[in-house]
Amino acid sequence: MKLYITAGSPYARMARIVILEKGLESRVEIIAAQTRLADSPYYLINPSGRVPYLIRDDGVGLEESAVICTYLDHLDGKPAFDPPAGDQAWEARRLEGLARSMVDGLAVWSREIVRPQDERSPTIIRHEAHRSERMADLWEAAIDHPLMRGARNLAQITLACGLGLEARIRDLRWRPGHPKLSDWFDRLAARPSFAETAPPS
Ligand SMILES: N[C@@H](CCC(=O)N[C@@H](CS)C(=O)NCC(=O)O)C(=O)O
């Protein structure tokens with residue numbers, strides 16, 4: 001299989017973490033894609049131009065980080081990151097949705113600040129900065145949820161990949177006033193799968 005990524009993408013990082021956590025390194029070749037470039041050869045591989053993009057062994061391509069993570073997690077028939085059974089499944093999905101909401105906002109912010117100076121929108125940057133503050137407050141209160149402290153799951157991986165964007169967004173300061181979230185993140189970030197996929201600044 002082939003997984004197309006960029007080093008700074010939090011979405012691609014989720015799939016890379018699952019590959020490392022599940023020991024799939026020998027089965028999945030990681031390839032750096034050239035995104036957001038006119039006429040990039042990558043568009044011939046994935047017309048949407050987005051990463052992550054997984055080309056399965058049968059040649060079929062998959063988009064969407066959650067789909068790719070779940071596919072990779074199920075390859076060995078022993079999924080480790082699936083939601084628990086029963087009502088707790090909705091809790092896991094609810095938390096994953098909240099985490100994804102934070103990542104989506106931070107991804108918009110991180111894209112905005114790499115645009116040429118005269119194309120950046122202060123309105124968008126301010127909007128995303130405020131969203132990130134509200135979401136950090138929310139997560140400081142929610143981080144003691146048993147599903148965020150228990151066995152690893154996609155909600156945890158998603159949230160950590162969002163918070164890890166502090167390396168790329170200089171003005172993202174989610175740590176002050178959020179000691180529990182900082183401690184939670186630092187513990188997870190120390191795992192080899194997270195450390196090896198940390199985004200460049
Ligand atoms: N919902 C998608 C989002 C993927 C996404 O937006 N990836 C960004 C990188 S962070 C990308 O490929 N951008 C290139 C482009 O928009 O052309 C997922 O979860 O995989």
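Where does Pro 52 lie? Pro 52 sits in the loop between helix H2 (42–45) and strand S3 (53–55). This is a predicted model, where local features need pLDDT of at least 70, side-chain atom pairs count only at pLDDT 80 or more, and totals for chains, interfaces and linings use all residues. Residues are numbered from 1 along each chain as its sequence is written, and side-chain values use heavy atoms, with hydrogens and water left out.

**Close-up A. A cis peptide bond links Val 51 and Pro 52.** Omega here is about 0°. The loop with Pro 52 runs between H2 and S3; helices (H or I, at least four residues) and strands (E, at least two) are DSSP runs, numbered from the N terminus.

**Close-up B. Arg 36 and its positive phi.** Not a glycine, Arg 36 still has a phi of about 55°. Look for Arg 36 in the loop between strand S2 (29–32) and H2. With 65% relative accessibility, Arg 36 counts as exposed (exposed is over 50% relative accessible area, buried under 20%, partly exposed in between, with a 1.4 Å probe and protein chains only).

**Close-up C. Asp 39 has a positive phi too, of about 60°.** Asp 39 isn't a glycine either, and its place is in the loop between S2 and H2. Asp 39 counts as exposed, at 75% relative accessibility.

**Close-up D. Asp 104 meets Tyr 11 through a polar contact.** Their side chains are joined at 2.5 Å (a polar contact is a pair of N or O atoms within 3.5 Å; within protein, one must be able to donate a hydrogen and the other to accept it, and residues adjacent in sequence count only if both atoms are side-chain atoms). Asp 104 and Tyr 11 are 93 residues apart in sequence and 9.2 Å apart in space, C-alpha to C-alpha. Asp 104 belongs to helix H4 (residues 88–112) and is partly exposed, with a relative accessible area of 35%.
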